[in-house]
Amino acid sequence: YEESLNGRKTGHRRVVWAPSTWKGKKTVHDTTTVVSVTQRDMAGMKDQFETTVTSDLERGEDGTLWWMRTRQEEGGRVTVAETTWTGEGYVHVARIEGQADQRIEVKLDKPVLVDAEAFLGRRARDGKLKEGDTYKIRQLDLRARTARDDVVTIGPMETIEDGTGAKVECFKLTQRDTASGREILLWLDRKGVFLQVRMGNYLIRRTSQEKAEDMPARPAEYTITVPASPRLERIFSADRVLADVHVRHDEHRKLPAFPKSPWSRVTAVEGDAESGHVVRMELTRHDNEGVKALIPVTDPKFERHLEATALMQTEHPLVKKTVEKVVGDEKNARRAAHLLARFVFRHLHKQSLEVSQGDAVKILEECRGDCSEHALLFVALCRAAGIPARQCSGYVCIGGIWGAHAWAEIWTGAWIGADPTTGEVGTAARYIFFGYPEEPGSFPGVVSSRASGRLRILTRRVEEGPAGFDLDDDNKYRIYDRENARYLHVLAGLEARDVPEGWSVDLNHDRIMRIRGEGFTAQLRASADQGEDLDTVGRYGRGSRTTFAGAPALLRKQGSSRSYIVHSRRRLVLLYVGGADDDKVAELEKVLAPTFADPPMAWDEPASEDGVNKDEEKSTTDKKDAADSDK
């Protein structure tokens, strides 16, 4: 078989069946080897992943799963997982070679089935599949530690072409997971062997061995980012954001069902298949500084959020030593989590590993990784410290782009957001949540597969403290209130008030404010801090510690010029002042004080055209419901 994503070849697979026995039962030994090569484009940074997965399993002729062993090789790392029927359920053991096992037991009254092909192959060969018939396919759900029933519907016969050009008459099957809504289309030939499988824009098609193994010179590439529209440098301190997610029509994929969460919720869905859909969303801050918990947390209800896994080796000596060194004697869960988040931010170079998902030990040893590694290591360290933690998946805005992202949620007396990639505990309104990768009943992979490569995200409104602004018009990004001598660059959060007569203010540049007066010039450039503070901004140059307009700053002087790096409200503002004496700089500080006020000063603008923001009213109700649920 050859495999492709968005029409571009990603790899090949070979399937071999042979008669066998397992514990005295007649079985079919199924060996499947999958080789894939893909390249990920993350805002111009490209990473290539090469993976070989070999699965051996013993199954009955009716598709009953008795035993399965999967070996995955990627970037020099070997991961092995083995699942065995015990008579009372399944025992699943997973490990990275050289590391400790993760053991999961699933109690069941009867075994599950391998897949629809193994279960329905005999019926296809016997001519017993009829259009309109439905079957339940019992599948193993390791995350939920139980079994689930997928529903398979037999569709009409279709004649399709395989990879060699041969036309084959097939039974068309639709397999649906009723919990997640995921659908798989499967075409079985009359021998009961699948000719083609389609899962969204991912396709597996039978062909000749020679053609299957003929890989393209350039690997299949997929992008995980989209430009932010507009660019929003104040996003790291936003309390609430309204965004329109435009979803392009795709005949093979349904509309992604974005789940409701403390980070994001859908307020409306508009449009149609022909013109595309617009999903209106509200994003909110996820934090609660008014609660407290002491570590280690031992409440049994958090058992799943404190356990070790094959990738999160919480009992490994290196992991435990790291926690002891970073957390020390700190017992407050929030403060301990903050120390761990800052450690992960500073310890890891933002450079991808050779594997698509690293493990805690490898990440600590190599001191590098992308957001997935940051999130996984942080969750592992939190669990080792006794802080309940879980991974999260979705999209995030970092000012200039939206991109696929991994972050965390931790329990510090209540669940709150945390993002070690940017060193945060308590997250601002900049996340679109897809789901929890490890949590039963959460399906981020389904949301991602339906959303990938077809999104455009427009921000309509941003609120921070008492200030709120609609962004549906370019003219509202830059506000010149010359009558009251007030100027505001909304997207960057740069503001000047009580500007003296004779000074001019220019906002006609992305992220920049320019001020000119008699004999001097000043320029401010804002950047979302990405987790940096004045201790980690060496790439901008060093300077002496000072303040500017009450905010911490670094100052460098050269002749009559001076440069400041000011850190305020999760932004780094680079300020250059030329030709100004001390008195003029003091006057400039007063004018620019609103830029660095925390919280920001209110701006005299109604919340909406009719003066009442109904989304905000509904959001307050939703937050109360969520709080009651959490209690």
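A charge sits over a ring if NZ of Lys or CZ of Arg is within 6 Å of the ring centre and within 35 degrees of the ring normal. Lys-25 and Trp-66 meet this test: the charged end of Lys-25 sits over the ring of Trp-66, 4.7 Å from its centre. The model is predicted.

**Charges over rings**

- Lys-25 places its charged end over the ring of Trp-66.
- Arg-123 does likewise with Phe-119: its charged end sits over that ring, 4.7 Å from the centre.
- Phe-119 is also one of the buried residues of helix α1.

**Aromatic pairs**

- The structure holds 17 aromatic pairs.
- Trp-407 and Tyr-431 form one that is tilted. Their centres are 4.7 Å apart, with 45° between the planes.
- Trp-407 belongs to strand β21 (residues 401-411) and Tyr-431 to strand β24 (residues 431-435), so this pair ties together parts that are 24 residues apart in sequence.
- Both Trp-407 and Tyr-431 are buried.
- Phe-548 and Phe-596 form an edge-to-face pair. Here the figures are 5.9 Å centre to centre and 80° between the planes.
- Phe-548 comes from strand β33 (residues 544-548) and Phe-596 from helix α8 (residues 582-596), so a strand and a helix are tied together across 48 residues of sequence.
- Phe-548 is buried, with a relative accessible area of 0%. Phe-596 is buried too, at 6%.
- Trp-407 and Tyr-431 also belong to an aromatic cluster.

**Helix α1**

- Helix α1 spans residues 116-125. Of its 10 residues, 7 are buried, so the helix is largely enclosed by the rest of the structure.
- The buried residues are Ala-116, Glu-117, Ala-118, Phe-119, Leu-120, Gly-121 and Ala-124.
- At the start of α1, a side-chain oxygen of Asp-115 reaches to within 3.3 Å of the backbone nitrogen of Glu-117.
- Just after α1 comes Gly-127, with a positive phi of about 70°.

**The cavity**

- Rolling a probe the size of a water molecule over the atoms shows where empty space is left.
- The structure holds 1 cavity of 30 Å³ or more. The largest cavity has about 60 Å³ of space.
- Its lining divides into 7 nonpolar, 1 polar and 3 charged residues.
- Among the lining residues are Arg-234, Glu-495 and Arg-569. Gly-493, Phe-469 and Trp-603 also line this cavity.

**The loop between β32 and β33**

- Asp-529 lies in the loop between β32 (520-528) and β33. Gly-543 is found in the loop between these strands as well.
- Is Asp-529 buried or exposed? Asp-529 is buried, because its relative accessibility is 1% and buried means under 20%.
- A polar atom of the Asp-529 side chain lies 2.8 Å from the backbone nitrogen of Gly-531.
- Gly-543 counts as partly exposed, at 32% relative accessibility.
- Gly-543 and Ala-553 are 10 residues apart along the chain. Their C-alpha atoms are separated by 8.8 Å.

How values were computed:
Residues are numbered from 1 along each chain as its sequence is written. Side-chain values use heavy atoms; hydrogens and water are left out. Rings of Phe, Tyr and Trp (its six-membered ring) pair if their centres lie within 6.5 Å; planes under 30 degrees apart count as stacked, over 60 as edge-to-face and the rest as tilted. Helices (H or I, at least four residues) and strands (E, at least two) are DSSP runs, numbered from the N terminus. Buried means under 20% relative accessible area, exposed over 50%, partly exposed in between (1.4 Å probe, protein chains only). On a 1 Å grid over the protein atoms alone, a cavity is a set of points where a 1.4 Å probe fits but cannot get out, and a pocket is an open set with protein on both sides within 12 Å along at least five of seven lines; lining residues have an atom within 4 Å of a point. Grid points are joined across faces, edges and corners, and a volume is the space filled by probe spheres set on the points. Ala, Val, Leu, Ile, Met, Phe, Trp, Tyr, Cys and Pro count as nonpolar, Asp, Glu, Lys and Arg as charged, and the others, Gly among them, as polar. A polar contact is a pair of N or O atoms within 3.5 Å; within protein, one must be able to donate a hydrogen and the other to accept it, and residues adjacent in sequence count only if both atoms are side-chain atoms.
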